[in-house]
Amino acid sequence: MAAADIPTGGHRNLLDIIDSLRAQGFSRYVDLPEIIVCGDQSAGKSSVLEAISTMPFPTKDSLCTRFATELVLRRGPEKSTKVFITPGEGRFDNVKEDLERWQPRASIDTDGLEAVTEEALEAMKCPVAQRFYNDILRIELTGPNQPHLTMVDLPGLFRTGNKEQSDADAETVRMMVEKYMARPRSIILAVVSAKSEYVLQDVTSMARDADPERLRTMGLITKPDTLPVGSESEAYWVRLAQNTEVELRLGWHVLRNRKFEERGSTLAQRDTTEKDFFSSGIWTVVNSSHCGVAALRIRLSSILKDQILSQLPSLVQDVENGIRECTERLDRLGPVRATQGQQLKYLLRVSEEYTSLMKQAIDGAYTDRFFGSRKKRDGYPMRLRAVVQNRLLDFRQEMLLNGQSQRITDSENESGDEEEISESPRIPRSQYVEDVARRLKFSKGRELPGLFNPLIVGDLFVEQCEPWRRIVSALVEDIVEAAHQTTQLVIQHVTANDVVIEVLKFVRESIEELRVELDAKATELLDSAMQHPITYNRQLTENVQKAQHQRIRNIFGSQRMNLNPVQFLFGSSTAVDYMEAYYKVAMNRFIDDISVLAIENCLIGKVSELFRPSKILEMATEDISRLAGETEESSVERKRLEDKRKILDTGLRGLKGLRHEGQFAQPAKWDSVLPEKETSKCGENTRPVEKAPATSYVNKADLPIVGYFERELPISSGTKVWTAEQSQSSQDDESDVPKPPMRMGKKKKEKKKRKGSVEELSYPEPEQF
């Protein structure tokens, strides 16, 4: 292949940036555009790579490679070879450094690739030998006739084991290939052998599963010379190569590799034999740009370039997301806490953040992002004041509905919404008054007939308040649980993962101490409320009068009018009126007392003070170390995240730099390579041809070669050729991307706009060729 046949210009820089990212381990975190070469062990994959790279590959079909091999081909004035290992995910510290420093003793040029591969395998076995490795053997070949191309060679697929490879190895290789195929930015180069049935080759079904729309799969047919001339099988493989049997957007390609008896021939002889083969017989009907290794080099190089350019925006976005995630996780880990001073400083910072967030949670001022959007319920458990307020409202409603041991109704038929949903049993007032009268009969004092012993009011009130203790106990339990939940969320937000447990334990112990105080205050308020009735609230007498007046109106409004009740029932009725009136006064006072004196003063108002900086400064040295000491796992995780962020930061600068490179045109907008009938002007040619890609402007160095397309791209007199050198020299300092002159379709006036001292030109949309 002539040196002039290989695209140059910014193409190499583009691939070099992507490859440098991959060499740094970038692909461990973000998928990079790449061409993966996969196929069965007997498909001739090694011969394909050898033909493309001009470097001898081991062709032993039964040899199972234990790792992926990255083949980096670059055009340069002199030949050179570099071999090294890219450590896989899970390699750290000394093992990672040893693999990065590894250099083979054998030489590819003299000893062959197989010797280098065996050395690499021995290096990967340290410290523990495995069946397969995530490490990648990277081979860089530079030469005057090399294309700008990067491919990842995966172990060959096989179904059953032998002496050198087991059935378990077959499944492992399959999983490795599926993993690479599943990456959405990978171009799948599926190598299939014409010597075997198409449907029986595993790579075909695996590629279909990974790429069901067939947008990023390119088929490569090998060993076409083994097909019987004129047979139906030969016709089938020709139709496959024409993209009519199995349609792929990137189409198919055919190679004729060396036979066993031709193993001594040179690469030049191999290329000549291949060219002669496709120049005769049925294979002449296949597009010449889809046959032979020379066309394959250019085709793969262009496909990879276009894939990189098309994936660049989403790639940048993924990297930015990865950096943001690393930063957040590093913030969670906090700074290094190896010394006593570092631990104290860290705890003081955590204390300040905890106190600030808890104060906002208690005051109801949810201004920090920690509390989330007010429109959503996601942050509700963090908003402690809202939780407490709603729970106290429920507490009041529970007291109103179920706070009485018996709900006294004025008649047996009386009912309402509250009675329907109340859990307290109902009793008619007449029956309740009679029960009270019987009790008064056996506990008479010196009161006159028609009056009642005042102690009966206290007895009746205490009996009615029996549910209070249960209701208050449930309230305290819920409020304490809410305090625990909010403090846990706050501590998880402001502390590192390995610090959460100890700090949370410290705060929970403090909350439990407050709970003891809260329980004592609640018991005190309950005991006080259930003592002899005492109140000077005038609502007591007002409530009694309202109840009696309402009852008299009810009597006058009924058919039965009895204004002369039995004297002993009169006193009992009055006692019940006073008990009910006092219950209302005492219940409202008790609700407020529990809310303020117990819940607020004993717990909620003190939660934000549990981890104040003053408490941290009073701690003993061992307590500070226990709370803020760093674990070995955290140190390893921090180093891993820092390495990852460093790699992503470097990669982001390189990727963004690509968008500022004026030498790169936009990726070619390839139409599907599905065949279309096109008739020439003479009406003689009905041969399927491939559409030329639509381009906006042309880099002279990247113009396709005659023979790559069915016809050479027409360059009319109105088309201006834009070279990489012109692009670089004309780049405007104030513009991100230079705007090269484009071929005009219709005449449009250029509008000049002034913005400061920079003159902005609006360019018309380019027409397609």
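This is a predicted model: local features need pLDDT of at least 70, side-chain atom pairs count only at pLDDT 80 or more; totals for chains, interfaces and linings use all residues.

Guide: E6 and strand E7 (residues 217-222) pair in the parallel sense over six bridges. Two strands count as paired if DSSP finds at least two bridges between them. Strands (E, at least two residues) and helices (H or I, at least four) are DSSP runs, numbered from the N terminus.

Residues are numbered from 1 along each chain as its sequence is written, and side-chain values use heavy atoms, with hydrogens and water left out.

E6 has another partner. Strand E1 (residues 34-39) pairs with E6 in the parallel sense, again over six bridges. Here isoleucine 35 is bridged to isoleucine 187 in E6.

E6, helix H7 (residues 202-210) and E7 make a right-handed β-α-β unit. Right-handed has a set meaning: with the strands pointing away from the viewer, the path from the first strand over the helix to the second runs clockwise.

Next, burial. Buried means under 20% relative accessible area, exposed means over 50%, and partly exposed lies in between (1.4 Å probe, protein chains only). Strand E6 (residues 186-193) is mostly covered, with eight of its eight residues buried. In a regular strand the side chains alternate between the two faces of the sheet. On one side of E6 sit Ser186, Ile188, Ala190 and Val192. On the other are Ile187, Leu189, Val191 and Ser193. Both faces are covered.

Of its 769 residues, 45% count as buried. Contact means heavy atoms within 4.5 Å. Among contacts between residues at least 6 apart in sequence, 76% join residues at least 24 apart.

Helix H2 (residues 45-53) has seven of its nine residues buried, so it is largely enclosed by the rest of the structure. Its buried residues are Lys45, Val48, Leu49, Glu50, Ala51, Ile52 and Ser53. Just after H2, threonine 54 takes a positive phi of about 65°.

Then there is helix H5 (residues 113-124). At 1.5 Å a residue, its 12 residues should span 16 Å, and its end C-alpha atoms are 16 Å apart, which agrees. The expected span is 1.5 Å times one less than the number of residues. Leu113, Val116, Glu119, Ala120, Ala123 and Met124 are the buried residues of H5. They cover an arc of only 140° around the axis, which puts them on the same side of H5. That arc is taken from the directions from the helix axis to the C-beta atoms. These buried residues pack against strand E3 (80-86), helix H3 (93-101), helix H4 (108-111) and strand E4 (136-143).

Proline 87 is found in the loop between E3 and H3. This proline is buried, with a relative accessible area of 7%. Proline 87 touches Arg28, Lys96, Leu99, Glu100 and Asp135, not counting residues up to four places away in sequence. The C-alpha atoms of proline 87 and tyrosine 133 are separated by 9.4 Å, and the two residues are 46 apart along the chain.
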